Amino acid sequence: MAATSMAVDAAIERVAVSAYEIPTDAPESDGTLEWDSTTLVLVEVAAGGERGLGFTYSDRAAATLVEGKLAGVVHGLDALSPQAAWAAMQQQVRNLGQQALAAMAISAVDIALWDLKAKLLGVALADLLGRFHAEVPVYGSGGFTSYSNERLVEQLGGWAGDGIPRVKMKVGRDPDADIGRVRAARGAVGPNVGLMVDANGAWQRKQALGWMERFREEFDVTYVEEPVSSDDLDGLRLLRDRGPGGMCVAAGEYGWDLPYFARMADCVDIQQADVTRCGGITGLLRVDAVCKARSIPFSAHCAPAISAHACCAMETLAHLEYFHDHVRIESLLFDGVLSPEGGALCPDPSRPGLGLELRRDVAEEYGL
C-alpha cells in the first residue's frame, strides 16, 4: 500500500514487550565471562493493520523499561517516522542515563518501528533503508574457551566447509592452552580461511602485543578483537599502531551512543557496533557516517537476523558476526531467518520488513 494512503492510519496503536531466556547448548565462556543462557527482549509495535518486531539481547529489566518508560512515549506517534520516535525516547530517558540498559531498550523499540514501517510500505527493510550492498559477508563466530579442542575443530571447520571464508574464536582465559587451541583451529579451517581471535579484554597492553605477534607469525591470524578492555582507548590505539602488519585491531561492541564511536574510531583499524545496543537502526546508520569520516571499515556485532538488513545500508561495511548463540536463538524463535550462501546473507526483497515471524508456541516455552 502506498505511503500516502497509509498516512492517516499510521499512528502507533500498541506496544507490547516480552522476554525469553534460552539456555545455551553447552556451558560457554570467553576470556573474561562465563554464561549458560541468553535473554532476548522482544518488542512488537502495531499500526495500520501491521505489526513490527524488534529485539535486544539484554536482561528482563530492559522489558520493564520499555513498558514503564518508552511504550507510552511512542504510542500515537507516526509509524512512518521512526526517527521522531527515537528522538522522543532519547528525551524520555534523559534522567535515567541514555547508555547501557536504556540504549538496549530503545534499540529494541527502534528496530520494531523500522520493521513496522517497511511492512506498511510493503518492502524489505534493507530496501527501505537503501542498499549499498546486495548482500552482507559474514564470519562464523564462537570457538568458546569452554570448548574442547574437538568441539572447536568441529564448529570452525564446519563453517569453513559451508563456504564461510572467515571464522573467529575466543582466547585469553587460559594462556597455557591458547597456542594449542589456535593451532587446532588453523588446522581445522585450512590455510585459505581467515582466522580471527577475540580476547574480550582479557590481556594487558604488552601481553596483548606479545600474543598478537605470535598469533600472526605462527598461525596467520589477521584480526584481533578487544585485545585489551574497550575502556582502554589508549591501549587500543597503541596496539593498532604497534601491532604486527596484516593484523587488524577491532572494538566497539559495547558502544551506546555516537560520542563513544567518535572516540573509538580514532583507536582501532575496524569499528564495531551492535544494532541491539547502539540505538537500533537509527543509531547504527550514524556509526556508518563516523567510519566514513575516519576512512575505516565497519564490522557488525551479532544479531544477524536484524544486522543483515541494516548492514546492506552501510557503505563502510566489511562483514557481520554470525554468532553461534544468536544464530541458534533466532532460528529457534523466528521463521524467516536468513542462512549464509557463499559466505554472505542476502535479505529477500519479497519479504516485507525483517521478514521474521515469531514462533509464539516455541517462544512461550522460554518466557520470563
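In this predicted model, the buried residues of helix α9 pack against α8 (205-219), β8 and α10. Helix α9 spans residues 233-242, and its buried residues are Gly235, Leu236 and Leu239. These residues lie on the same side of α9, because the arc they cover around the axis is only 100°. An α-helix has 3.6 residues a turn, so residues three or four places apart point the same way. The face of α9 turned away from the buried side carries Asp241 and Arg242, both exposed.

Strand β7 (residues 221-225) and strand β8 (residues 248-251) run parallel and are joined by three bridges. Within this pairing, Tyr223 stands opposite Cys248 of β8. Strand β8 is in turn joined by two bridges to strand β9 (residues 270-273), again in a parallel arrangement. Here Ala251 stands opposite Gln271 of β9. A right-handed β-α-β unit is likewise made by β8, helix α10 (residues 258-264) and β9.

The largest nonpolar core comprises 84 residues, of which Phe55, Phe215 and Phe298 touch the most other members. Helix α12 (residues 304-312) gives the most to this core, contributing six residues. Apart from this core lies another, of 31 residues, including Ala10, Ile12, Val45 and Ala62. Leaving aside residues up to four places away in sequence, Phe55 touches Leu40, Val41, Leu42, Ala108, Ile111, Thr276, Ala305, Ile306, Glu330, Phe334 and Leu356.

Val327 is located in helix α13 (residues 324-333). With a relative accessibility of 17%, Val327 counts as buried, because the cut-off for that class is under 20%. When residues up to four places away in sequence are not counted, Val327 touches Pro304 and Tyr322. Val327 and Ser339 are 12 residues apart along the chain, and 9.1 Å separates their C-alpha atoms.

Technical notes
Residues are numbered from 1 along each chain as its sequence is written. This is a predicted model: local features need pLDDT of at least 70, side-chain atom pairs count only at pLDDT 80 or more; totals for chains, interfaces and linings use all residues. Side-chain values use heavy atoms; hydrogens and water are left out. Helices (H or I, at least four residues) and strands (E, at least two) are DSSP runs, numbered from the N terminus. Buried means under 20% relative accessible area, exposed over 50%, partly exposed in between (1.4 Å probe, protein chains only). Contact means heavy atoms within 4.5 Å. Two strands pair if DSSP finds at least two bridges between them. A crossover is right-handed if, with the strands pointing away from the viewer, the path from the first strand over the helix to the second runs clockwise. The arc is that of the directions from the helix axis to the C-beta atoms. A nonpolar core is a set of buried Ala, Val, Leu, Ile, Met, Phe, Trp, Tyr and Cys residues joined through side-chain atoms within 4.5 Å.
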